[in-house]
Amino acid sequence: MTLPLGVLVSGRGTNLQAILDACASGAVDARVVFVASNREGVPALERAARAGVAHGTFTTQGLGTRGAAQAAMADAIVGAGAKLAVHAGFDHILGPEYFVRLGAVPAINVHPALLPLFGGRGMYGPRVHEAVLASGATESGATVHRVHPDTIDLGEVVVQRRVPVLPGDDVAALAARVLEQEHLAIVEAIRRFVPAVTRA
């Protein structure tokens with residue numbers, strides 16, 4: 001049985017595109033049934049529209065509070081029939097309202113570093129790569145991990161892929177190298193959930 005996915009996005013949506021492409025090619029036995037964003041008008045929503053995938057925006061301005069927005073987002077994901085929630089470049093910390101409404105649907109997140117290093121509150125986007133470079137680390141990479149209530153980047157690691165930090169790297173160069181691995185890691189992680197979730 002094909003695994004139905006709900007995907008959460010906040011920006012460009014390159015990880016979403018990697019998922020859509022993998023589903024379309026048969027590289028993973030999955031299908032994106034809903035794309036949810038906490039930001040209006042982001043390119044990721046345009047990618048969903050081009051792919052013919054149902055999508056929606058859930059903002060504090062539109063729904064009154066962050067908790068209400070996150071609850072509505074979870075309701076939409078569950079209502080679309082998703083059996084796995086994939087946080088693919090989603091930049092808000094999710095509160096209890098989201099997880100209560102998500103119920104038994106597992107959630108995973110892709111992070112642009114080798115957790116448990118360079119994770120936690122405030123560690124997202126370029127900040128992660130800045131911290132890696134400032135530390136003098138010789139490698140970085142992408143981590144896909146389980147998402148649980150009341151934790152930030154502390155869930156069980158599902159997949160990690162590594163890249164070297166090269167002499168002369170700046171944030172843009174390192175970010176581009178890591179992003180390539182994010183695309184591979186998120187698809188590999190989804191593939192690992194296919195048999196477990198579709199048997200349930």
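This is a predicted model: local features need pLDDT of at least 70, side-chain atom pairs count only at pLDDT 80 or more; totals for chains, interfaces and linings use all residues.
Pro116 sits in the loop that links strand S5 (107-111) to helix H6. Residues are numbered from 1 along each chain as its sequence is written, and side-chain values use heavy atoms, with hydrogens and water left out. Helices (H or I, at least four residues) and strands (E, at least two) are DSSP runs, numbered from the N terminus.

**Sheet layout**

- Seven strands form an open sheet in the order S3-S2-S1-S4-S5-S6-S7, with mixed pairing. Two strands count as paired if DSSP finds at least two bridges between them.
- S3 and strand S7 (157-164) are the edge strands, each with a single partner strand, so one side of each has no neighbour in the sheet.
- On average, neighbouring strands of this sheet are turned by 20° against each other, direction ignored. Axes are lines fitted to C-alpha atoms, for helices over the stretch in contact, and angles run from 0 to 180 degrees between N-to-C directions.
- Strands of a sheet pair through backbone hydrogen bonds, either parallel or antiparallel.

**Strand S2 and its partners**

- Strand S2 (residues 30-37) is mostly covered, with seven of its eight residues buried. Buried means under 20% relative accessible area, exposed means over 50%, and partly exposed lies in between (1.4 Å probe, protein chains only).
- Strand S1 (residues 3-9) runs parallel to S2, and seven bridges join the two. Leu8 has Ala36 as its bridge partner in S2.
- Between S1 and S2 the chain passes through helix H1 (residues 14-25), and this β-α-β crossover is right-handed. Right-handed means that, with the strands pointing away from the viewer, the path from the first strand over the helix to the second runs clockwise.
- S2 also pairs with strand S3 (residues 55-57), in the parallel sense and over three bridges. Here Ser37 stands opposite Thr57 in S3.
- From S2 to S3 the chain crosses through helix H2 (residues 43-50), again as a right-handed β-α-β crossover.
- Ser37 of S2 is also the bridge partner of Val9.

**Helices on the sheet**

- H2 packs on the sheet and touches S1, S2 and S3, and its direction makes about 155° with that of S3. Contact means heavy atoms within 4.5 Å.
- Helix H4 (residues 66-79) lies across S1 and S2, and runs at about 160° to S2.

**Nonpolar cores**

- The largest nonpolar core has 39 residues, and Leu5, Val7, Ile19, Val86, Ile108 and Ile190 touch the most other members. Such a core is a set of buried Ala, Val, Leu, Ile, Met, Phe, Trp, Tyr and Cys residues joined through side-chain atoms within 4.5 Å.
- Helix H7 (residues 171-199) gives the most to this core, with nine residues.
- Val7 touches Leu16, Ile19, Val32, Phe34, Val35, Ala36, Val86 and Ala88, leaving aside residues up to four places away in sequence.
- A second, separate core of 19 residues includes Leu8, Leu94, Tyr98 and Val105.

**Helix H6**

- Val128, His129 and Val132 are buried in helix H6 (residues 126-135).
- These residues cover an arc of only 95° around the axis, so they lie on the same side of H6. The arc is that of the directions from the helix axis to the C-beta atoms.

- Most residues other than glycine have a negative phi, and most peptide bonds are trans.
- Asp150 lies in the loop between strand S6 (139-146) and S7. Its phi is near 65°, a positive value in a residue other than glycine. Asp150 is exposed, with a relative accessible area of 78%.
- Asp153 lies in the loop between S6 and S7. Its phi is positive and near 65°, in a residue other than glycine. Asp153 counts as buried, at 13% relative accessibility.

**Leu184**

- Leu184 is found in helix H7. At 43% relative accessibility, Leu184 is partly exposed.
- Leu184 and Val78 are 106 residues apart in sequence and 25 Å apart in space, C-alpha to C-alpha.
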